[in-house]
Amino acid sequence: MAFKVTGVERAGWAVLRVSGELDLMTSPVLRQRVHDVVAEGHHSLVVDLSDVFFCDSSGVGVLIAARRLIRSCQGRLRLILPDRGAVDGSHVNRVLGALGVRRLFDVCPDVDSATSEDAGPLSA
């Protein structure tokens with residue numbers, strides 16, 4: 001599966017759906033898309049990682065940088081990390097948990113809950 005980032009707007013949230021491998025070669029694409037969304041004036045961002053089947057440290061770095069950027073403009077960032085996704089389970093969810101940084105993010109299971117105003121984070 002080729003790496004791809006697609007964007008839509010939903011309920012006032014910019015939603016970036018990421019698929020493929022989030023690694024050293026592809027993470028700059030996601031970083032640029034996040035910057036573009038913020039430059040367009042969107043400060044509520046959902047990054048849907050349901051279809052990411054591999055994520056390395058550079059991908060994690062992009063997610064942490066996105067969190068920092070969104071927080072700097074008093075925005076909101078939510079990640080979609082389903083328990084089962086990208087074929088055998090959410091690789092990104094496991095990587096963030098293993099690195100101890102999952103707690104930094106508001107995590108939702110799907111787009112509907114992520115773009116809901118009353119969405120609360122899932123327990124880490």
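**Exercise 1.** Which residue in S2 is the bridge partner of Gly7?

*Solution.* The model is a predicted one. Start with the two strands: S1 covers residues 4–10 and S2 covers residues 13–22. They run antiparallel and are joined by seven bridges. In S2, the partner of Gly7 is Leu16. Between S1 and S2 lie two residues, and the strands form a hairpin.

**Exercise 2.** State in what order the helices and strands of the protein follow one another from the N terminus.

*Solution.* First take the totals: the protein has four helices and five strands.

**Exercise 3.** Find how the axes of H1 and H2 are oriented to each other, and which residues make the contact.

*Solution.* Helix H1 spans residues 27–39, and its axis comes within 9 Å of the axis of H2. The two axes cross at roughly 10°. Angles under 35 degrees count as roughly parallel, and H1 and H2 are therefore roughly parallel to each other. On the side of H1, the contact is made by Ser27, Leu30, Arg31, Val34, His35 and Val38. On the side of H2, the residues include Val62, Leu63, Ala66 and Leu69. Sorted by type, the residues of this contact are nine nonpolar, four polar and one charged.

**Exercise 4.** Which residues of helix H3 are buried, and what do they pack against?

*Solution.* Helix H3 runs over residues 91–99. Its buried residues are His91, Val92, Asn93, Val95 and Leu96. These pack against strand S3 (44–55), helix H2 (57–72) and strand S4 (76–80). Just after H3 comes Gly100, with a positive phi of about 75°.

**Exercise 5.** Ala11 and Gln74 both need a check of phi. Where does each lie, and is each buried or exposed?

*Solution.* Begin with the general rule: most residues other than glycine have a negative phi. Ala11 has a positive phi, near 55°, and is not a glycine. Ala11 sits in the loop between S1 and S2. With a relative accessible area of 60%, Ala11 is exposed, because the cut-off for exposed is over 50%. Gln74 also has a positive phi, of about 55°, without being a glycine. The place of Gln74 is the loop between H2 and S4. At 69% relative accessibility, Gln74 counts as exposed.

**Exercise 6.** What percentage of the residues of the protein count as buried?

*Solution.* The protein has 124 residues, and 48% of them count as buried. The accessible surface comes to about 6,300 Å², with 53% belonging to carbon and sulfur atoms.

Note on methods
Residues are numbered from 1 along each chain as its sequence is written. This is a predicted model: local features need pLDDT of at least 70, side-chain atom pairs count only at pLDDT 80 or more; totals for chains, interfaces and linings use all residues. Side-chain values use heavy atoms; hydrogens and water are left out. Buried means under 20% relative accessible area, exposed over 50%, partly exposed in between (1.4 Å probe, protein chains only). Accessible areas come from the Shrake-Rupley method with a 1.4 Å probe; for residues, only the protein chains shown count as cover. Two strands pair if DSSP finds at least two bridges between them. Contact means heavy atoms within 4.5 Å. Axes are lines fitted to C-alpha atoms, for helices over the stretch in contact, and angles run from 0 to 180 degrees between N-to-C directions. Angles under 35 degrees count as roughly parallel, over 145 as roughly antiparallel, 65 to 115 as roughly perpendicular and the rest as oblique. Ala, Val, Leu, Ile, Met, Phe, Trp, Tyr, Cys and Pro count as nonpolar, Asp, Glu, Lys and Arg as charged, and the others, Gly among them, as polar.
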